[in-house]
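Please look over the protein below.

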Amino acid sequence: MTRVLDDLLRKTLPEPRLDLIRRVADEASALKMPIYIVGGFVRDLVLGRDGLDFDLVVEGNAIALAHSLASKYGGKVTAHEKFGTAKIDIREWMLESSKANEDYSLVSIDLISSRSETYKHPAALPTVKMGSIEDDIRRRDFTINTLAVRLDGPHFGELRDDLGGLDDLEKKIIRVLHERSFNDDPTRMYRAVRYEQRYGFKIADETLALIPEARALVDKLSAQRIRHELDLILEEPHVASLLARLAELDLLKPIHAALSFDDAARQRLDKANFSPDYSVQHLTPANLRWLLWLINLSEKQIESVNKRLHFTSILYNALAASSNLLFSLSSFVDLKPSQCVTQLDEFPPFSIYAVSLAAPTGKSKENLEKYLTEWRHIKPKTTGHDLKKLGIEPGPKYQEILWTLRAAWLDGKVANGQEEESLLKSIL
Ligand code: CTP
């Protein structure tokens, strides 16, 4: 018997999104196109996990459906003929509907024509052809991602489970659909581990058995594809167990020989959830996790990993700086505050933050913390403008004078405006 999830859908989705789905589904019905939500949203719906993002798959021409919706409700359509996909900007719909206007987070929806995919050679990007909903379901990675809920007309809420996805969800199993799956797309090995650790599931034995052959193909993945998978992994709550499992399945070394995961890395990553109560530029959860994971690599190794993964320049510079700083940490023990600041001003603050988390308890760690919370903000009251007023010729001298004043504040040699003024006089 067909399982119907209409109540569950109605309970899970906020009214503005249901309203949106109804409009799209009614239009699809009028055009006689079955329409489904497929994939992650349905998986999470069945698991009782909140999810708001859905992929709408139309058995028919998604671009024609998008234009038809746009002529009724407005909104710009961006179509990709080659892939049979269309994006509609729905901000106008939001404004005009009393229900929909409560949800400003959704600015567009994607409509995808159901399709089949074939791979010309292992690890290649797929060749896409229009196909039935069955084809669209069969092109996917794991059984738990093949569930679809139909939305049009009287079919609203009907669950379609062609490949035993529900059974695997209940048994908590990650299973590929066919034995070439990892060869076609080696990123799926990383996705399998991500789902396994996220949901506390197990990868099926037959699926695990496919890893050894596909492991060699990781090398063929572009920098962008493999880095994207690692970015997703570093955003997961159970990041440490996830990386440990990847190491156990020997899936880190095939990306780059310098990538590994051990107890020390686990301890560092356990600190990734501390967020500072002060602001640090570029400190995102994923950036911090990258730094804490790779901080023990040498600068040379980081350069080499960057050649494989193509980090953003902000992250690459921060990785190199963190590794540098961690290696030179012991030299910070006996420095005066002004000497610490001279050195630390050269490092991105989010590298310093990562090193302060990774460093062992002691004077150096304290100095990094002091720099972040206090020292970096300490500035003299005198400005370049004041020096000009005093008749000093603008030039590199300004920098020197202002630094001498700042250093005096940092080292406790001046403590108020008057003392700064007398120091300034003595310098001049
Ligand atoms: N997919 C796939 N192979 C990939 C990537 C994606 O088969 N290498 C399919 C999966 O069926 C997945 C769907 O495309 O359900 C959408 O992919 P994505 O948005 O990455 O995943 P979600 O299912 O939304 O899961 P997540 O919660 O991880 O975002």
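The buried residues of helix H2 are Pro16, Arg17, Leu18, Asp19, Leu20, Ile21, Arg23, Val24, Ala25, Glu27 and Ala28. Buried means under 20% relative accessible area, exposed means over 50%, and partly exposed lies in between (1.4 Å probe, protein chains only). Helices (H or I, at least four residues) and strands (E, at least two) are DSSP runs, numbered from the N terminus.

This is a predicted model, in which local features need pLDDT of at least 70 and side-chain atom pairs count only at pLDDT 80 or more, while totals for chains, interfaces and linings use all residues. Residues are numbered from 1 along each chain as its sequence is written, and side-chain values use heavy atoms, with hydrogens and water left out.

H2 covers residues 15–30. How far apart are its end C-alpha atoms? They are 22 Å apart, and this agrees with the 22 Å that its 16 residues should span at 1.5 Å a residue. The expected span is 1.5 Å times one less than the number of residues in the helix.

Leu18 is part of H2. It counts as buried because its relative accessible area is 3%. Its C-alpha atom is separated by 15 Å from that of Val107, 89 residues apart along the chain.

Is Lys32 buried or exposed? Its relative accessibility is 73%, so it counts as exposed.

## The ligand and its surroundings

Which pocket does the ligand take up? The space taken by the ligand is the largest pocket. Pockets are found on a 1 Å grid over the protein atoms alone: a pocket is an open set of points with protein on both sides within 12 Å along at least five of seven lines. A molecule sits in a pocket if more than half of its atoms lie within 2 Å of its grid points.

Two elements give two or more residues to the shell around the ligand: helix H3 (40–47) and helix H9 (187–199). H9 provides the largest share, six residues. In total, 14 residues surround the ligand. The closest are Arg43, Asp141, Asp185, Arg194 and Arg198. A residue is near a molecule if one of its heavy atoms lies within 4 Å of it.

| Residue | Atom in the residue | Distance to a ligand oxygen atom |
|---|---|---|
| Gly40 | backbone N or O atom | 3.2 Å |
| Asp141 | polar backbone atom | 2.8 Å |
| Arg198 | side-chain N or O atom | 3.0 Å |

The protein covers 69% of the 570 Å² of accessible area that the ligand has on its own. Accessible areas come from the Shrake-Rupley method with a 1.4 Å probe.

## Other residues along the chain

Asp250 is placed in the loop between helix H13 (239–248) and helix H14 (263–270). Its phi is near 55°, a positive value in a residue other than glycine. Its relative accessible area is 33%, so Asp250 is partly exposed.

Ile295 sits in the loop between helix H15 (285–294) and helix H16 (299–309). Ile295 is buried, because its relative accessible area is 1%. Its C-alpha atom and that of Ala354, 59 residues apart along the chain, are separated by 8.4 Å.

Ala320 belongs to helix H17 (residues 313–327). Ala320 has a relative accessible area of 11%, so it counts as buried. Ala320 and Phe201 are 119 residues apart in sequence. In space they are 36 Å apart, C-alpha to C-alpha.

Phe350 lies in helix H19 (residues 349–358). With a relative accessible area of 1%, Phe350 is buried. The C-alpha atoms of Phe350 and Leu372 are separated by 9.4 Å, and the two are 22 residues apart along the chain.

Note on methods:
Polar contact = N/O pair within 3.5 Å; in protein donor to acceptor, adjacent residues only side chain to side chain. 1 Å grid on protein atoms, 1.4 Å probe; cavity = no way out; pocket = protein on both sides within 12 Å on 5 of 7 lines; lining within 4 Å.
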